[in-house]
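Please look at the model shown below, and keep it in view while you read the report that follows.

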Amino acid sequence: MSIGRDDVRHVAKLAELAVPEEELERLVSQLNRIVDYVAQLDRLPAERMVDAFLPGPASVALREDVPGPVPLARPPAELAPEFAEGFFLVPRHGAMEDA
Amino acid sequence: MTAAAEQGGRGAATARDVGRALRSAESLNAVLHWSQELLDAEGARVDAMAAPGSLAGMPIAVKDNIVTVEQPTTCASRILEGYVSPYTATAVNRLRDAGAIVAAKTNLDEFAMGSSTEHSAWGRVKHPLDPDRVPGGSSGGSAALVAAGVVPAALGSETGGSVRQPASFCGVVGVKPSYGRVSRYGLVAFGSSLDAISVFGRTVDHASRVLAAMSGPDPLDATTVDRPPMRVPEPLPDLRGLRIGLPQEYFPDDLHPGVAAAMERVKDRIRELGAELREVSLPHSAYAVPTYYIVAPAEAAANLARYDGVRYGPRKVGPEGDFRAVYRATRGEGFGPEVRRRILVGTYVLSAGYYDAYYTKAQQARALIADDFRRGFDSGLDFLLTPTTPTPAFRAGEKTEDPVAMYLADIFVCAVNLSGLPALSLPVGRSEGLPVGAQLIAPFFGEERLLAAAATLERVIAADAEVR
């Protein structure tokens, strides 16, 4: 599979990542190098394929993740660029959303 | 470092010693945040403890992707420049409860993505023995500080070998525990099914004491396993009765001659100590690097979605001026080239039409890699022995143009992360003046035996001696 400039633009859009046009060619080359390299997994015979892997010994079951209060040393207002009345503030929803 | 600092003596004196040592090691660029004021406060805190614990007065540096409330946590990324966490990692709290002095945050590859620290937004760390070479990565700052004698132990993190590889390059001990042994609460997430807070020590005993102090279940991390904390093992009188496997895939014909010679010497010492060495095969380890470079970027793409300029970190606003322009500009300008590359690869392999071809296949390959280890240990092997890295430390700039060449620096270490097993790197000699590490891999939760065997081996191997 070969990755082209339009593929990089598409993936960058999915990842919400601005990629300058002048970097595209270099990224196309590097991403193809990586994807070509990982494609060697195709050599694994299909009949040897098994279920997906979970880390840890087979006998270990994960506990339920029960969220509880965790004391914070400073409030969210001190972390966020803009915060008011319990909300993180962002610029208004614009035309890009429909693009 | 003075004897007081080495042994863990009075906190205040140790804090002053470490401050002097950090100033003298500034040229390494190994530290991103430290202050004498915090060191002194930590020293005073330890001095005031009624029962300082197993790490009394031991100064421990912490990789800057492990959060603390007193200092910034940047992950060596512009996107977190100035960020200070509202909570402290469980591992750091436990070290402090045991009497450790924690007041220096170390340099790393941005978000722990790299094998040389050359992807740090604040410049690479210099190798303590040769400034033109890299210390390894991603936890290169922690490795360099221990190797330079500034601290006897430091925390790093592993996703694909990021402690064992720099430990090998710098000539120190590096231990990656079983997945679930140490809480990940407060470790900035990269690949959540792989990440493990791990330890550097000047000796096996330093690393063992630190690992023991921070191990054990944590209600704040549901993936920690309900087992008692690890105990610090004593060295064994010898290695009689142990069976150690030599996986042929980890001893290729083109292995660096200095590494090969060091491994031959290790095998000789192991035989002399009475253990049996047996050649084995782990056929799917050949697929570890390609598997890792699908699984890890996929998890990273999801984990790093949270850096969007909304909740924390600096914000950039793109030309369109709306909130999605904030996302794109903040992320595009805040992340460095390697992190951007991995987010793009991860998003690509998870995207519609490619998921099964890449991600599903990588998950299946991961199971085969882990099964090779399981069958090896089920057959009666106690440990596996391999080189930690295919070469000693490489020169800065040597691999930055080709991402795959950089990835291959981790070829002997990342199968362990994919399998979740514990493993360590032990310094076993030098080749042309550069350290060489040997890797021992153990079954799940076999850390105590692993560290006991390594301590036994450590006593009979001249780690600073040139091998030929």
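Predicted model: local features only at pLDDT ≥ 70, side-chain atom pairs only at ≥ 80, totals over all residues.

## A buried serine

When residues up to four places away in sequence are left out, B:Ser198 touches B:Gly156, B:Ser157, B:Glu158, B:Val163, B:Gly174, B:Val175, B:Lys176 and B:Pro177. B:His119 is 79 residues away from B:Ser198 along the chain, and the C-alpha atoms of these two residues are separated by 20 Å.

## The sheet around it

Strand β6 belongs to an open sheet of eleven strands in chain B, which follow one another in the order β1-β3-β2-β4-β6-β5-β10-β11-β9-β7-β8, with mixed pairing. At the edges of the sheet are β1 (31-34) and β8 (276-280) of chain B, each of which pairs on one side only. On average, and with direction ignored, neighbouring strands of this sheet are turned by 30° against each other.

One of the pairings joins strand β2 (residues 60-63) and strand β3 (residues 104-106) of chain B, which run in the parallel sense and are linked over two bridges. Here B:Lys63 stands opposite B:Thr106, a residue of β3(B). Helix α7 (residues 204-214) of chain B packs on the sheet, where it touches β2, β4 (153-158), β5 (173-176) and β6 of chain B, and the direction of α7 makes about 145° with that of β6(B).

## A helix with buried residues

Helix α2 of chain B runs over residues 11-24, and its 14 residues reach 20 Å from the first C-alpha to the last, which is close to the 20 Å expected at 1.5 Å a residue. Which residues of α2(B) are buried? They are B:Gly11, B:Thr14, B:Ala15, B:Asp17, B:Val18, B:Gly19 and B:Leu22.

## The chain as a whole

Chain B contains 15 helices and eleven strands. Its radius of gyration is 21 Å, close to the 23 Å that the globule rule gives for 468 residues, and therefore chain B is as compact as a globular protein of that length. Along its principal axes, the C-alpha trace of chain B spans about 70 × 60 × 45 Å.

Of the 468 residues of chain B, 63% count as buried.

Key
Residues numbered from 1 in each chain as written. Chains lettered and ligands numbered in written order. Helix = DSSP H or I, 4+ residues; strand = E, 2+ residues; numbered from the N terminus. Rg over C-alpha atoms; globule rule 2.2 N^0.38 Å. Buried ≥ 20, exposed ≤ 12 C-beta atoms within 10 Å, placed from the backbone. Expected span 1.5 Å × (residues − 1). Contact = placed C-beta atoms within 7 Å. Pairing = 2+ DSSP bridges. Axes fitted to C-alpha atoms, helices over the stretch in contact; angles between N-to-C directions.
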